[in-house]
Amino acid sequence: QVQLVESGGGLVQPGGSLRLSCVASGRIFRINNMNWYRHTPGKQRELVAAITAGGSTNYADSVKGRSTISRDNAKKTVWLQMNSLKPEDTAVYYCNADIMTEFPVRSLEVWGQGTLVTVSS
């Protein structure tokens, strides 16, 4: 079974920083795109940042310049460093990845369970 497990969420004051981590496990042949989404009740889920296997990145305008997505393919891990956090960054953050499994070989879209980030004084 392939799964993604996030960590690093919590309560932070406005202007503070957090680093979210997401580790993939299971019978994985290759991980393609890895993404961070966030969801706040009453709002649509938002793609925050994305990174390809080759390291190309893309960011939502709402976090551009304040966040950095990175990955380590050998460790099957993706991170999201968030700085200058604002109350509107409060959300549940989900890791998402396109994963090719081995034995059997198939392509899956996998989601983590989410980690809550609360930005408040």
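## Strands S3 and S8

Met82 in S8 is the bridge partner of Leu18. The model described here is predicted. S3 and strand S8, which spans residues 77-82, run antiparallel to one another and are paired over six bridges. Strands of a sheet pair through backbone hydrogen bonds, and the pairing can be parallel or antiparallel.

## The four-stranded sheet

S3 and S8 belong to an open sheet of four strands, ordered S1-S3-S8-S7, in which the pairing is antiparallel. Strand S1 (3-7) and strand S7 (67-72) are the edge strands, each pairing on one side only. From one strand to the next, the twist averages 15°.

## The disulfide

How many disulfides does the structure hold? There is one disulfide, and it joins Cys22 to Cys95, with an S to S distance of 2.1 Å. A disulfide is a covalent bond between the sulfur atoms of two cysteines.

## Burial of the two cysteines

Are the cysteines of this pair buried or exposed? A residue counts as buried when its relative accessible area is under 20%. Cys22 has 0% relative accessibility, so Cys22 is buried. Cys95 is also at 0% relative accessibility and therefore counts as buried.

Terms used:
Residues are numbered from 1 along each chain as its sequence is written. This is a predicted model: local features need pLDDT of at least 70, side-chain atom pairs count only at pLDDT 80 or more; totals for chains, interfaces and linings use all residues. Side-chain values use heavy atoms; hydrogens and water are left out. A disulfide is a pair of cysteine sulfur atoms within 2.5 Å. Buried means under 20% relative accessible area, exposed over 50%, partly exposed in between (1.4 Å probe, protein chains only). Two strands pair if DSSP finds at least two bridges between them. Helices (H or I, at least four residues) and strands (E, at least two) are DSSP runs, numbered from the N terminus. Axes are lines fitted to C-alpha atoms, for helices over the stretch in contact, and angles run from 0 to 180 degrees between N-to-C directions.
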